[in-house]
Every structure is written in structure tokens, then in C-alpha cells.
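Here is a short walk through one protein model. Keep the sequence and the 3D view at hand as you read.

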Amino acid sequence: MNVHESEKIAGILRGEGYGEESPLEEADIIVFNTCCIRENAENHAFGNIGALKKLKREKKGLLIAVGGCMTQEAGKAELLRKKFPFVDIVFGTHNLSELGRLIEKKRAQRKAVVSLLNERQETEDGIEPVRTSYPNAWVNITYGCNNFCSYCIVPYVRGRERSRRAEDVLSEVRSLIEDGYKEITLLGQNVNSYNSDGRGGMSFPELLDAVASIEGKFRVRFMTSHPKDFSEELARVIKKHDKICNLLHLPAQSGSNRILQLMNRRYTREKYLSEIGMLRALIPDCPVTTDLIVGFPTETEEEFEETLSLVREANFASAFTFVYSPRTGTRAAEMEGQIPEEVSKERIMRLVEQVNENTRALSATFVGKTTEILCEDYDDKKGLYLGRNEAGRMGYFKCDENPIGEFVTLKVERANGVSLFGELCRGDESER
Ligand code: 5AD
Ligand code: SF4
């Protein structure tokens, strides 16, 4: 989500006549796109902004702007201004499209420009992003979130869920395909509730079906799905289209029903497992990835072990694992029974170990087989091209010609973690 927002910021800056500078010292403007989902992301942002004090003093005319969800947090913009009076522009998640105007306003005045909105209803921002992840392209389908998971700050800083009109999404995807993009990732905090405000014009399964029905050779991914809204209809659409990657990112957060209830997730472990069972009945062995939080207030050792056993039972292909981070203003931050840091740290180490075991096991299943890779990049250090297969495994290989942006077939010789290594083979040797 944030990567795509940064692409939009780059688009606005380009419109303002700025180019891209790699060394910070040479920049005329530095824009921070902050994240506040966990405390360490926020600390990072504060550290990086603070580190610019000297450069700002030395370089007359340098503009520093701070945006992203941190500025939308209650009291954070004021704190930012107090701590870093040298920041020129503060903007938020609801007025990203105004950044150009704010830059011009700041150029015309000495005073800092602070502009934050509570909520914006429009879903079309008219920004032409500078896309940085060819051959992949991110496409927003919803903004904001209505779920209020008790640990999460997103609904407070990004507002209520707004769906883009399906026709706007489809026309963006069509033009991306015409421009040669080969992988489209539909983005929303909870894609399954797309059109809950009636503004999309169709349901998420219908939208996904329509996106995958666009002509051309490309892949479709989507994130994030919420288990409370996952449906057989959606699973059937995934199965129907070869273009839709057989991979589901479905954040479970915890394996314990008591913790799930405290988290306000509105599903049980059993419902979660039955959903992925339904998916795998339609698409055998469909890889499922997830997000997991350890150390939620009052989580006991036994409840944590239920998360560990969920990793085994659900057979997750991989997982993003997080230590619970209290966020001011959320319900969980007020709960009694916050877990000591050393307990959470020990739990996350055990969780990561379990996840790694799963990761290795899935990667090993590719060894000796062929898999289709969309080549994304070249790794200078390894001297190898790389790209992902539909299950999200990163494949590395040698190639005489530059295949970035092409689908290639890899004969996998060995696996290491989420990485696969092998040789390219001709299409007619492929098993697909
Ligand atoms: N602490 C830890 N992890 C969090 N996430 C969201 N809020 C918090 C928090 N306060 C995680 C969830 C979510 C992912 C994007 O970030 O797992 O799915
Ligand atoms: Fe946060 Fe829950 Fe919304 Fe995800 S679904 S953004 S975890 S409130």
C-alpha cells in the first residue's frame, strides 16, 4: 500500500518539475511517506527525519515534507512540528493529491505548511504514479478500513472504507496491460468487502473476474483478504482463471479463539481452517500465506502455542510475523495484561522457526520440477536474474539476454528458504 503511495508521491513531484536524485545531499526536496502501523515503523520515521537537521541547515532551499499515516495520528503532526521545526510541509493520507499545491504554497511563504484532512470521499486522485516495480503494477481498489481490529490504527488514520468504481479500476488495469505490465496486484485493506459502500458497482469476486477477463498474458494478485469475508464464490473465481495466481494471502493473526475475539477479528480458528479447506478442495495444495501477531494483551503460553499449531495445521507457505505493538487510541492499547517484551521476543523467535520450517518444506516441493517465473530484476551480487512464480517463490537463474518483464520457465535445481535456483528451459519442456 505504502509503496504504491510513494509511487504517487513521485508522480506528483515529477509534475512539479523534480527529477529523481539518489544521493540525499543533492536533493532539492525530500518527502517522507511514513507508516504508523507499529511503533518501530514510527520510530524509524522520527529517526530519519531527525537525521536531516544538519543537511537542512547547510542546504538553503532544501524542502522537507512529511506525509503518510503517521501525520494523521492524533497529536502526531503537532509533535512532529515541535520536534523538527525545520520540516516545511506536513500532509496526510487524505490530501496526498494536494502535495503539488502545498509545495507551491511553501515556496511562496516562509512559514511551514501543515495541511491535514479528516476524511476524503473521492476515490479518484488523478495522480499519474511513477511506477517503480515493473513488470508489477499496484492498483488500489479500496481505501480505508471499517474493521476496527482492536490492535490496529489503520481505520483511525485512513478513515472508512471507500471503493473505487469498478469501471475506473478496469480502465486503469487495461491501460497498464497496454503499457506492458505483466502482473497486476489489486490493493485494499480488505479487498473482500469491496463495494460495501455500493460505490464499486460490483462485488469483489465480480471485479476480480472482470480484471482476469481482460485480454493479454498477465498475472493477477490481490491483497489483503479478511477471513470473515472470504467466500466460495471468490475461491471459484481464483480457480476459473489461469491468470489469477493460485496463492491466497489470508491474515489469521492468531490461532486462539479467545485472542481472536479480543482482537475483534470476527472469525474462529475453525472457520479460518474451514475456509482454507474449502479453497484447497477446489485448488489442491493452494499455497496460503498469512500475518500473525504474538504477545497480544493477555496471550498465554498455551494460546501462543495454538498459533504455532495453526501454522502447522494450515500449512502456511510463509507468514509475516509481528510482535504486538500498542497503538495509542486503539482498544487493545487500553487492555490490562500487556505482555512483557522478553516474553513476546521469545515467542516470535519460536514462531519464525516454525514458519521457516514450512517455508523450506514448500520450496523443496519445487525442486526437480519446472515453474513459470515472471522475471523482475537482476541481482548484481549473485549475477543472476530473478522473479517470482505464482506461489510467490523467488526464482534465480542465468540468462544471456535480458528477460525482465518476460515469463520464463525455470527448471528448479535447489531451494534455499523462499528462493529457488535453477536453469531456464525451453517452453516445450515445461510441465505447465
Ligand atoms: N501490532 C503488531 N502488528 C500489527 N499489525 C497491525 N497492527 C499491529 C499492531 N498494533 C499487523 C497485522 C496486519 C499487518 C499489516 O500488520 O498482522 O495484518
Ligand atoms: Fe487493520 Fe483489521 Fe483493517 Fe487490517 S482489517 S487494516 S488489521 S483494522
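At roughly what angle do the axes of helix H2 and helix H4 cross? The model is a predicted one, and in it the two axes cross at roughly 30°. They come within 11 Å of each other. To find the pair, look for residues 39-50 for H2 and residues 76-83 for H4. Angles under 35 degrees count as roughly parallel, so H2 is roughly parallel to H4. The crossing itself is right-handed. On the H2 side, Glu-42, Phe-46 and Ile-49 make the contact. On the H4 side, Lys-76, Leu-79, Leu-80 and Lys-83 take part. By class, the contact of H2 with H4 has four nonpolar residues, three charged residues and no polar ones.

Now turn to the start of the chain. Helix H1 covers residues 2-15, and helix H5 covers residues 99-107. Their axes lie 9 Å apart, and the helices pack at an angle of about 50°. That angle makes H1 oblique to H5. H1 and H5 also cross in a right-handed sense. Ile-9, Ile-12 and Leu-13 of H1 meet Leu-99, Gly-100 and Ile-103 of H5. Five residues in the contact of H1 with H5 are nonpolar, one is polar and none is charged.

A third pair comes later in the sequence. Helix H8 spans residues 204-212, and helix H9 spans residues 232-240. The axes of H8 and H9 come within 9 Å and cross at roughly 10°. H8 is therefore roughly parallel to H9. From H8, the contact draws on Phe-204, Pro-205, Leu-208 and Asp-209. From H9, it draws on Glu-233, Leu-234, Val-237, Ile-238 and Lys-240. Sorted by class, the contact of H8 with H9 holds six nonpolar, three charged and no polar residues.

Next, follow the backbone. The peptide bond from Tyr-134 to Pro-135 is cis, with omega near 10°. Pro-135 sits in the loop between strand S4 (113-115) and strand S5 (136-140). Another cis peptide bond runs from Met-223 to Thr-224, with omega near 10°. Thr-224 belongs to the loop that links strand S9 (219-223) and H9.

Two residues on either side of helix H12 deserve a look. Thr-298 is not a glycine, yet its phi is positive, at about 70°. It lies in the loop between strand S11 (288-294) and H12 (301-314). Its relative accessibility is 28%, so Thr-298 counts as partly exposed. Asn-315 is not a glycine either, and it has a positive phi of about 50°. Its loop lies between H12 and strand S12 (318-323). With 46% relative accessibility, Asn-315 also counts as partly exposed.

Is Asn-402 buried or exposed? Exposed means over 50% relative accessible area. Asn-402 reaches 51%, so it counts as exposed. This residue is placed in the loop between strand S15 (394-397) and strand S16 (407-416). Its C-alpha atom is 8.3 Å from that of Tyr-385, which is 17 residues away along the chain.

Finish with the cysteines. Buried means under 20% relative accessible area. Cys-149 has 8% relative accessibility, so it counts as buried. Cys-152 is buried too, with a relative accessible area of 13%. How many disulfides does the structure hold? It holds zero.

Conventions: Residues numbered from 1 in each chain as written. Chains lettered and ligands numbered in written order. Predicted model: local features only at pLDDT ≥ 70, side-chain atom pairs only at ≥ 80, totals over all residues. Heavy atoms only, no water. Disulfide = S-S within 2.5 Å. Buried < 20%, exposed > 50% of the residue type's maximum accessible area, 1.4 Å probe, protein only. Axes fitted to C-alpha atoms, helices over the stretch in contact; angles between N-to-C directions. Helix = DSSP H or I, 4+ residues; strand = E, 2+ residues; numbered from the N terminus. Parallel < 35°, antiparallel > 145°, perpendicular 65-115°, else oblique. Left-handed = near helix turned anticlockwise from the far one by under 90°. Contact = heavy atoms within 4.5 Å. Nonpolar A, V, L, I, M, F, W, Y, C, P; charged D, E, K, R; others polar.
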